[in-house]
Amino acid sequence: MTRAPQVTPAAQAARQAAQTARQSAQATRQAARQAVHRGEKCQAALRDEVPEIADIRGPGFMNAVEFNLPGSDSPHPDFANRVRSEALDRGLILLTCGVHGNVIRFLAPLTIPDAVFEEALDVIECRVQDLTWIERNYRENVKGGGHGHGHGKGDGTQGSVAPGRQAPSPTPNL
């Protein structure tokens with residue numbers, strides 16, 4: 001009669017560790033695929049509509065958006081700071097960085113639920129588009145000598161919203 005080999009506790013632990021490592025690697029690959037998709041979505045949503053965007057860069061889900069004065073290579077840190085400030089007023093924390101402070105960095109966790117990510121992206125998109133509208137309106141009024149008829153103060157402060165757009169509600173769960 002042949003005896004079945006006994007599995008030692010060390011062998012059991014090694015088998016369990018290997019299985020956990022395989023599952024972890026699989027989850028990491030899935031998260032990376034989702035991150036790339038989310039990063040591409042973020043880039044596509046804003047790049048064509050906002051002339052202040054000079055560059056969007058970064059691997060996968062870790063992105064940075066660089067803002068310059070439209071049509072120039074001059075950094076636009078005021079625009080980046082207004083985007084950051086307006087997002088913070090709505091519960092979304094963004095980081096400004098870069099040598100000139102004209103870059104916003106996006107560092108969401110890979111485990112962020114889709115609904116929360118979409119809500120955050122809506123806040124960013126809305127504020128960037130509104131601030132772009134304010135800047136464009138201001139430039140046109142300054143060049144044309146007009147006094148404007150914009151919404152809010154027209155200076156990028158809170159309460160300024162492009163025509164036809166409603167400001168998003170505060171998002172404390174972000």
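**Stop 1: helix α2**

Select residues 77-89, helix α2. At 1.5 Å a residue (times one less than the number of residues), its 13 residues should span 18 Å, and the end C-alpha atoms are 18 Å apart, which agrees. Helices here are DSSP runs of H or I, at least four residues; strands are runs of E, at least two; both are numbered from the N terminus.

This is a predicted model: local features need pLDDT of at least 70, side-chain atom pairs count only at pLDDT 80 or more, and totals for chains, interfaces and linings use all residues. Residues are numbered from 1 along each chain as its sequence is written, and side-chain values use heavy atoms, without hydrogens and water.

Now colour Phe79, Ala80, Val83, Glu86 and Ala87, the buried residues of α2 (under 20% relative accessible area, 1.4 Å probe, protein chains only). Look down the axis: they fall within an arc of 135°, so they line one face of the helix. The arc is taken from the directions from the axis to the C-beta atoms.

Step on to Gly91, which follows α2 and has a positive phi, near 90°.

**Stop 2: the aromatic pair**

Select Phe67 and Phe79; both are buried. The whole structure holds one aromatic pair (ring centres within 6.5 Å). Phe67 lies in strand β2 and Phe79 in helix α2, so the pair ties together parts 12 residues apart in sequence.

Conventions
Buried < 20%, exposed > 50% of the residue type's maximum accessible area, 1.4 Å probe, protein only. Phe/Tyr/Trp six-rings, centres within 6.5 Å; stacked < 30°, edge-to-face > 60°.
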